[in-house]
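Subject: Structure handover

Hello,

I am passing on the structure we spoke about, with notes on what was found in it. Please have it open while you read.

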Amino acid sequence: MKTKVQQYVEGVGGIRLWGFSPSEDLSNMVDGSKDDVLNILSMMPGDICSFLMTIARRHTKKTQQINYYIVERQPEALARYILLLSIFFDDDLGPRECTEIFLEIYGNNMLRKQTSAFLHSKVEELIKFLTNGEGKLAEFVDITQMKFKERDAIEKVFKTWYENIECNMEEWREKRLRSYYEDRFDYRKNLIDWDYSMNVKDWAEIIHSKLFLWWRQEGIAYEIRDSKYPQPNRTMASYAEGKEKGHSKLKRGYWGDIVQSPYWSIGVHADEQSLYKKRSFQHTKTCQHVAEYNIYSLLFELSAKKRYKMPQEDSEIHGRSFWSGLSHRDVEKVEEEGEIESLQDDRMDTLSTGRAPESGTKRVPQGIKLVLLQGESLEFMRGKKKYAELFHLVFLSNLCLQMLKEPLPELLHER
């Protein structure tokens, strides 16, 4: 019988696919830096959303340049960062479609057919960026500080995302669940309900119990209308070290989180208070509404250079999602239209002033650079002049608490 700690460590997995705390604009945590350059280091966050929030709110900062360093242990995590950035800055995706695809790939173990095809089509673009420095990401993402073998490892990860590559995500996840619950597997629904009541509800009541149960059992965190999800999310597959017949071996499978959920990073906290309204002591919105609002509002802020204000009519939506068809919109009209949406309703220019769309609306703010690095710890920075007293702020995930020692002090900028 495993101890609670052993069970929890096994449940959260060996690779972080999302953060376990709300995303933040990290530049706000630096008290009035007088320097023209702000350097931020994020160690193994498992999540790109804090970076997106930081750049979307770049227009509110006086600092001339923000250099944002992210260090991850696994190439799969870095590959997902690059993919999610590519989706976020894709000019061919309107704000609604971009939000849906982003959340689907971010948090769902299974994908719609069209999303899987979209992911397949993205692979070549990502490889060109990685190998030749082509595309929009090359304007602000710096991978030159990684070794060639580290970049090759990321390229290999990209190539496993093709649709013809075998990926038994449902089988892999079921094996993880059986290992986690052991002989209580058949009673997992009751155990999940207990976990929600004792460990989730008091901290984040906005996470609906049914959504939490559905994610725990099926791996679907964000439902896109009433779609089916027949395709695996290959971006969540990774390799882990293990032993087979006494020999060390790398085994491919799903080694991510099956306990916490993808809601904590972007589905719990938002600056729009109407999302937390209650009626009869029950929330009228769910964590999916909060996540949709957060991604949509970041797209708006990136385009319009001002905070997004949710329309009053949207506060009366009572479906599972803002776009579920169960809101103030005419349901019969939605059924007639089917999946076909007016392109005018989902253009980037509708996020700002309604003017004619301009090319490259999703422009990267000036003075932003993201530096991706791979490493097991901070040791690779020790003794290097370019990192000495460089960082104004260091963010450590719960994987990195043992790094609160040398060489961390020598990396911190003097105040």
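Residues are numbered from 1 along each chain as its sequence is written, and side-chain values use heavy atoms, with hydrogens and water left out.

Confidence. The pLDDT (the predictor's confidence in each residue, from 0 to 100) averages 87 over the protein chain, and 88% of the residues score at least 70. Helices (H or I, at least four residues) and strands (E, at least two) are DSSP runs, numbered from the N terminus. Residues 325-344 stay under 50 in pLDDT, and residues 347-360 are below 50 as well. Where pLDDT is low, the predicted coordinates should not be read in detail.

Five strands form an open sheet in the order 4-10-2-1-11, with parallel pairing; two strands pair if DSSP finds at least two bridges between them. Strand 4 (141-142) and strand 11 (393-396) are the edges, each pairing on one side only. Strand 1 (residues 37-43) is joined to strand 2 by seven bridges, with M43 partnered by V71 of strand 2. Strand 1 also pairs with strand 11 over four bridges, where the partner of I40 is L393. Strand 2 (residues 65-72) is largely enclosed by the rest of the structure, because seven of its eight residues are buried (under 20% relative accessible area; exposed is over 50%, partly exposed in between; 1.4 Å probe, protein chains only).

The helix pair. Helix 1 (residues 4-12) and helix 7 (residues 169-181) pack at about 175°, with axes 10 Å apart. Axes are lines fitted to C-alpha atoms, for helices over the stretch in contact, and angles run from 0 to 180 degrees between N-to-C directions. The two helices are therefore roughly antiparallel (over 145 degrees). Q7, E10 and G11 of helix 1 meet R176, S179 and Y180 of helix 7, contact meaning heavy atoms within 4.5 Å.

Two loop residues. Most residues other than glycine have a negative phi. S261 has a positive phi of about 95°; S261 lies in the loop between strand 7 (247-253) and helix 10 (263-266). E389, in the loop between strand 10 (368-374) and strand 11, has a positive phi of about 50°. S261 is buried, at 0% relative accessible area, whereas E389 is partly exposed, at 44%.

Regards

Technical notes
Predicted model: local features only at pLDDT ≥ 70, side-chain atom pairs only at ≥ 80, totals over all residues. Parallel < 35°, antiparallel > 145°, perpendicular 65-115°, else oblique.
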